[in-house]
Amino acid sequence: MFTMKWVTGVVMLACASALVGCQGGADRAPRTAAGTPTPSGAATGAPTAAPATSSAATTDPLLSGEREVTITRVQGSGKALELSGRVEEGGDTGGRFLFVPTPIGGDRYVIKAFGPKDDHPANDDPSCWQVNGLDIEPELTIGGVVCDPDDPIQRFTIIAKGNGTYAIGSETRFLQHLPGNGLVLKELGNSKLNTTFRFTDRGPADRKPID
């Protein structure tokens, strides 16, 4: 009787040890699977970022500083702008009517003004657009002075508005036409931009300034 109990106990102990071994093996398998590396984003379902794309910006030749242009108000009489005392629509006063928008960084330009190409040295020496410092807000005019690109009031913005038209501004003001007052730099406020300009190519900017 004692021998039978001892054998039974040994068999039960062997079965128990085998069961523990089986459970331990089963328990190890999931841990091994969980530790397996997964592709980035697969575990969370996070989308893979699309590759960045870029396109080279196209330089507008009329704003390159290498072309002379005439500037005409789109909504106006069709007369080109002229610098004679101040910038206004041409009145055949013999002022400067050929302009070279010259980039100085970003969308900012100095706008050089020339007379006709008639071999007169004075016409080949540029003046530059400048906000008239003696004007009183809110309406400022534009005059012509000796060029100085470092002077903030000679820096203008020129922004393409589509269909070959441009808006011209200075700081937060835009060049607008006001009946009875001509072209003035004015804050838009809640008003719409009502004045845009068209630039017409008049040839290379190859003047030889006076030494």
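# Hairpins, core and disulfide

Visitor: How many residues lie between E10 and E11 in their hairpin, and which residue in the turn has a positive phi?

Guide: Three residues stand between E10 and E11, and in the turn Gly180 has a positive phi of about 85°. Strands here (E, at least two residues), like helices (H or I, at least four), are DSSP runs numbered from the N terminus. This is a predicted model in which local features need pLDDT of at least 70 and side-chain atom pairs count only at pLDDT 80 or more, whereas totals for chains, interfaces and linings use all residues. Residues are numbered from 1 along each chain as its sequence is written, and side-chain values use heavy atoms, with hydrogens and water left out.

Visitor: In what sense do E10 and E11 pair?

Guide: Strand E10 (residues 173-178) pairs with E11 in the antiparallel sense, over six bridges, where pairing requires that DSSP finds at least two bridges between the strands. Leu178 stands opposite Gly182 of E11.

Visitor: And E2 with E3, how many bridges there?

Guide: E2 and strand E3 (residues 86-89) run antiparallel and are joined by four bridges, with Leu81 having Glu89 of E3 as its bridge partner. One residue lies between these strands in their hairpin, and Gly85 takes a positive phi near 85°.

Visitor: Switching to the largest nonpolar core, which residues have the most contacts inside it?

Guide: That core has 24 residues, and those with the most contacts inside it are Ile71, Leu81, Phe99, Trp129, Leu175, Phe197 and Phe199. A nonpolar core is a set of buried Ala, Val, Leu, Ile, Met, Phe, Trp, Tyr and Cys residues joined through side-chain atoms within 4.5 Å. At least two residues of this core come from each of several strands, including E1 (67-73), E2 (81-84), E11 and E12, while the largest share, three residues, comes from E5.

Visitor: What is Phe197 in contact with, leaving aside its neighbours in sequence?

Guide: Beyond four places in sequence, and taking contact as heavy atoms within 4.5 Å, Phe197 has partners that include Ile71, Arg73, Leu81, Thr165, Leu175 and Leu183.

Visitor: Take Arg73 from that list: buried or exposed?

Guide: Arg73, in strand E1, counts as buried because its relative accessibility is 11%; buried means under 20% relative accessible area, exposed over 50% and partly exposed in between, with a 1.4 Å probe and protein chains only. Its side chain has a polar contact of 2.8 Å with that of Glu89, a polar contact being a pair of N or O atoms within 3.5 Å, where within protein one must be able to donate a hydrogen and the other to accept it, and residues adjacent in sequence count only if both atoms are side-chain atoms.

Visitor: And Thr165, where is that found?

Guide: Thr165 is in strand E9, and its relative accessibility of 10% makes it buried. Apart from residues within four places in sequence, its contacts include Val74, Ile159 and Arg198.

Visitor: Last topic: how many disulfides does a search of the whole structure find?

Guide: The search finds one disulfide, defined as a pair of cysteine sulfur atoms within 2.5 Å, and it is formed by Cys128 and Cys147, whose sulfur atoms are 2.0 Å apart. The pair links distant parts of the chain, with Cys128 in strand E6 and Cys147 in the loop between strand E7 (142-145) and E8, 19 residues apart. The link is right-handed, with 95° about the S-S bond.

Visitor: What is the relative accessibility of Cys128, and that of Cys147?

Guide: Cys128 is buried, at 1%, whereas Cys147 is partly exposed, at 26%.
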